[in-house]
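Open the model in your viewer and keep the selection panel at hand.

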Amino acid sequence: MSRITTITNQKGGVGKTTTSNALANALFLNKYKVLLIDMDPQANASYIMNVHESKLNIYHVLKGEIKIEDAICKTEQCDILPSGILLAGADLEFSKTGREFILSDCLKSIKEKYDYIIIDTPPTLGILTINALTASNDVIIPMAADIFSLQGLSQLCITIEGVRKYCNPNLKISGILITRHNNRTILTKDLLEVIENKSKQIDIRVFETIIREGIAIRESQAQQNQIYKNLEKNNPAKDYLNFAKEYIKNL
């Protein structure tokens, strides 16, 4: 049985796609069978893995037009179910009763083929994110050490609680992952302490691994390269490898 994990936060710019790609790739390098699902209409995860122009994608799967197996692409980083711009209208287009369970139903035929399925989500709490949460075992919340990320945490927790109540009672929050961290600034250090205190109040763990800020990982993504090829000058990639180990242990 595969472990299905959604990476989500309605706040943009906190590293959801980077975390999804880095975690999936790290697990793949550790010889696990991994599928990354790109549920974001912007298709950034698909671009990073050079499948952003795939004619068949998650939209066609959710519409029931093709089998999920026909849309999965194999890459050197891991398997991916790419996204497309047609997903942008999902909240209006997927309106039938039971629409929260579309992705969950689609995954039934392939769940046994993978050890891990990682789902990247858009920076909204719409039907695409609800579908991802409904299909998942657990959630990872990437957060930058800034006040806006902190403000959105409560709303995200309300959404997750609603999914637990109506769609997926076994959904767990694995923890908060601090990303894009710069320990040189006093403000960042203060906000990190605030986030840790807030997480204790709402009983959500903060992962021990902290992802440092760094340009090297973004350069690799822009070039559609595997981010772990040159670790010497890539501190965020080193951190993500450590995070993957923590994630595996955190079952």
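A cavity here is a set of points, on a 1 Å grid over the protein atoms alone, where a 1.4 Å probe fits but cannot get out; a pocket is an open set with protein on both sides within 12 Å along at least five of seven lines, and lining residues have an atom within 4 Å of a point. Grid points are joined across faces, edges and corners, and a volume is the space filled by probe spheres set on the points. The model is predicted: local features need pLDDT of at least 70 and side-chain atom pairs count only at pLDDT 80 or more, while totals for chains, interfaces and linings use all residues. Residues are numbered from 1 along each chain as its sequence is written, and side-chain values use heavy atoms, with hydrogens and water left out.

**Stop 1: the cavity**

Searching the whole structure gives one cavity of 30 Å³ or more. The largest cavity has a volume of about 40 Å³. Select Leu62, Phe94, Arg99, Ile102, Ile127, Leu128 and Asn131 to show its lining. Helix H6 (residues 127-135) supplies the largest share of that lining, three residues. Helices (H or I, at least four residues) and strands (E, at least two) are DSSP runs, numbered from the N terminus. By class, the lining has five nonpolar, one polar and one charged residues; Ala, Val, Leu, Ile, Met, Phe, Trp, Tyr, Cys and Pro count as nonpolar, Asp, Glu, Lys and Arg as charged, and the others, Gly among them, as polar.

**Stop 2: the pocket**

Next, select Gly13, Gly15, Lys16, Thr17 and Thr18, which lie nearest the centre of the largest pocket among its 26 lining residues. The volume of this pocket is about 440 Å³. Which helix gives the most to the lining of the largest pocket? H9 does, with four residues. The lining divides into nine nonpolar, eleven polar and six charged residues.

**Stop 3: H1 against H10**

Show helix H1 (residues 16-29) and helix H10 (residues 235-249), whose axes come within 9 Å and cross at roughly 75°. H1 is therefore roughly perpendicular to H10, a term for angles of 65 to 115 degrees. Axes are lines fitted to C-alpha atoms, for helices over the stretch in contact, and angles run from 0 to 180 degrees between N-to-C directions. On the H1 side, the residues that meet H10 include Ala22 and Leu23; on the H10 side, Phe243 and Tyr247 are among them. Contact means heavy atoms within 4.5 Å.

**Stop 4: a ring pair**

Select phenylalanine 207 and phenylalanine 243: their ring centres are 5.0 Å apart and their planes at 85°, so the pair is edge-to-face (centres within 6.5 Å, planes over 60 degrees apart). Phenylalanine 207 is in strand E8 (residues 206-212) and phenylalanine 243 in helix H10, 36 residues apart.

**Stop 5: valine 206**

Finish at valine 206, in strand E8. Its C-alpha is 4.7 Å from that of isoleucine 176, 30 residues away in sequence.

Methods: Parallel < 35°, antiparallel > 145°, perpendicular 65-115°, else oblique. Phe/Tyr/Trp six-rings, centres within 6.5 Å; stacked < 30°, edge-to-face > 60°.
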